Amino acid sequence: MEQGYQMTVNRLPSPTWNWLHMNESSLSDMKPVNRGVSLTVQVPEGIAYSCARRTMQFISGGMGPDMDRLLDDAGADAHVLAAREGWKQEEPVFLHMEYEEHANGIHAVEIVAPKDSSVTVVMDLTSRSETGAAAVQIKMHAGKHAKIRLIQVQLLGERFLHLNDVGAECEQGGSVEVLQLILGAERTYSGCLANLAGEKSSAAMNVGYLGQNRQRIDLNYAANHRGIQSESRMRAHGVLRGEAFKLFRGTIDFQRGASDAIGEETEDVLLLDDTVVNQTIPLILCGEENVQGNHGATIGKLDEDMLFYLCARGLTKEAAVNQVARARFDALNREIPSKTAQTLVNDYLKGVFGDGME
């Protein structure tokens, strides 16, 4: 019988308030096997695609080293996407992962953008059934003045386990942008770590999440500032209802030498029921004096004046609540450079919130 992995993931770089049990998370039901997943890759001109041994273990991911260990023991190769130097790629790469009943998928993706190049990758995860497990690791390297944009859409079945590990390294003037929509799965553990090594390197992380019923969403996002005048922006937008649980850890780490660096972290959470559990740890670490770090959170229920305004114009209370909640995801969905992915999200949201007109 296959044994599940004992994994510690999403560990804060500087533990705090141990008695709250928020510094890290543990799980033991992911298995180091790969079965029941179909992967479709569409690669435009200018991007080289290959399947090869993983070479980016030197880049740390947001979930921590246990994700690397899982991929090692599963023997997972990497789907490597590499741009040409100086190539400005406008058409995205598409990665579509579809999971069958009781699937257990473990995949690694490596994205390479050399000097003065740019590449956009759109990844969506869907399932034909409600039960399974999906582990995905993405490592990215942005060379000098290169740009990488990663869009992830997660629409897995309601009894899925989802592990999502992202790590990025940016050289001088290099940048990464990560946009994620986390809408499905019973349990999601997601981490994203950007290492801003070069001067004027930058990272933008934008995540939207939906927690309903008894879903558990466990997030760990961090930006390590090492380069002079490096910049990071971290934004989370969420909706929680039912008995959903969410834990968001957001860390901005200004390391020695990162003078004139700027980091910003914000979270906006809409709580639709009193039975949800919402936990947030904003953390700013400073090893350099001349830096600017900001964080803020807006957490609360739907504004009564807005609700009254919508109901006065013919909407039921339920439809008004659903319309406001869905609007948060529609705004992020419009940023996805793929009509196919946008349609997947729209159909999923319609199933959750309706069309807002009843």
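Q: In this predicted model, in which strand does G167 lie?
A: The model is a predicted one, and its secondary structure elements can be followed along the chain. The strand that covers residues 159–170 includes G167, and this strand is β10.

Q: Is G167 buried or exposed?
A: A residue counts as buried when its relative accessible area is under 20%. For G167 the relative accessible area is 0%, which means that G167 is buried.

Q: Which residues does G167 touch, not counting residues up to four places away in sequence?
A: One of the contacts of G167 is I138, and the list for I138 in turn includes G167 together with V109, I111 and M123. With neighbours up to four places away in sequence left out, the residues that G167 touches are I59, S60, G61, I138, K139, M140 and L193.

Q: How far apart are the end C-alpha atoms of helix α4?
A: Helix α4 covers residues 339–353, and at 1.5 Å a residue its 15 residues should span 21 Å.

Q: Within what arc do the buried residues of α4 fall, seen down its axis?
A: The buried residues of α4 are A341, Q342, V345, L349, V352 and F353. They line one face of the helix, whereas K339, T340, D347 and G351, on the other side of α4, are exposed. The buried residues line one face because, seen down the axis of α4, they fall within an arc of 95°.

Q: Which elements do the buried residues of α4 pack against?
A: Among the buried residues of α4 are A341 and V345. The elements against which the buried residues of α4 pack are β7, β9, β11, β13 and α3.

Q: Which residues lie closest to the centre of the largest pocket?
A: The largest pocket has a volume of about 340 Å³. β1, α1, β14 and β16 each supply at least two residues of its lining. Of the 21 residues that line the largest pocket, the closest to its centre are R11, G61, G62, G64 and L193.

Notes. Residues are numbered from 1 along each chain as its sequence is written. This is a predicted model: local features need pLDDT of at least 70, side-chain atom pairs count only at pLDDT 80 or more; totals for chains, interfaces and linings use all residues. Side-chain values use heavy atoms; hydrogens and water are left out. Contact means heavy atoms within 4.5 Å. Helices (H or I, at least four residues) and strands (E, at least two) are DSSP runs, numbered from the N terminus. Buried means under 20% relative accessible area, exposed over 50%, partly exposed in between (1.4 Å probe, protein chains only). The expected span of a helix is 1.5 Å times one less than its number of residues. The arc is that of the directions from the helix axis to the C-beta atoms. On a 1 Å grid over the protein atoms alone, a cavity is a set of points where a 1.4 Å probe fits but cannot get out, and a pocket is an open set with protein on both sides within 12 Å along at least five of seven lines; lining residues have an atom within 4 Å of a point. Grid points are joined across faces, edges and corners, and a volume is the space filled by probe spheres set on the points.
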